[in-house]
Amino acid sequence: MSGLLLVLLLAFLALGVMRVAGLRGGMLTFAAAALMVGAAGYALGGRPGLAGSPRAERATSAAPISLAAVRLLFFGNFNGSDHWLMLADSLARRGKTQDAVGILQSGVRAHPRDYTLWVGLGNALTDHARGITPAARFAFAHAREIAPQSPAPDYFEGLALLRSGDPATALALWRAVLERTPQNAQYRPLVADGVGLIERMAAAPAR
């Protein structure tokens, strides 16, 4: 089930970013159908419970979800945190999640009041542990303390909770984010779609 949840989460993030980017009508429907076909194929044919024998170079944790496009919606581009976050992303994509955590720990030591780096650290810690941890929760909480008006700490903590199999707590956070998000905010469709996705998952009958 966790594997399918991850596939659905990836599909949701991809569609949300495409929707915010302006994809509409038939093209959005086509993209949604392609993603859902992939998810259905995984659900029918995927067997994540099978034991594996990975090669030595694949002994690191599973590749993290790329959050670069989602971060762009919340933080914008070309700010002082970009080089720390981009370097951490590059390391994580190569499976070096511990190094990605180390880079962002260095970042928050150098810029302790930069809440975007604390959010990035929370994401990196979640990636490395393949689930939210007390350290990740602390990073999100500290980001929230620095920038109490920003929706980003709550949104990304909700995403980490959803990835960790706690949709109920994620839903509570995202509903709160949606309530205080202006109608014209560029990230609002992403939050609204996320709330709708979890609500539909909760309402669906158990298989």
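Trainee: Why is Arg130 called exposed?

Mentor: Arg130 has a relative accessibility of 59%, and exposed means over 50% relative accessible area, with buried under 20% and partly exposed in between (1.4 Å probe, protein chains only), so Arg130 counts as exposed. This is a predicted model, in which local features need pLDDT of at least 70, side-chain atom pairs count only at pLDDT 80 or more, and totals for chains, interfaces and linings use all residues. Residues are numbered from 1 along each chain as its sequence is written, and side-chain values use heavy atoms, with hydrogens and water left out.

Trainee: Where does Arg130 lie?

Mentor: Arg130 lies in the loop between helix H6 (115-129) and helix H7 (134-146), helices being DSSP runs of H or I with at least four residues, numbered from the N terminus. Although not a glycine, Arg130 has a positive phi of about 60°.

Trainee: How do helix H5 (residues 97-110) and H6 pack, and at what angle?

Mentor: H5 and H6 pack at about 160°, with their axes 9 Å apart, where axes are lines fitted to C-alpha atoms over the stretch in contact and angles run from 0 to 180 degrees between N-to-C directions. Angles under 35 degrees count as roughly parallel, over 145 as roughly antiparallel, 65 to 115 as roughly perpendicular and the rest as oblique, and therefore H5 is roughly antiparallel to H6.

How values were computed
Helix = DSSP H or I, 4+ residues; strand = E, 2+ residues; numbered from the N terminus.
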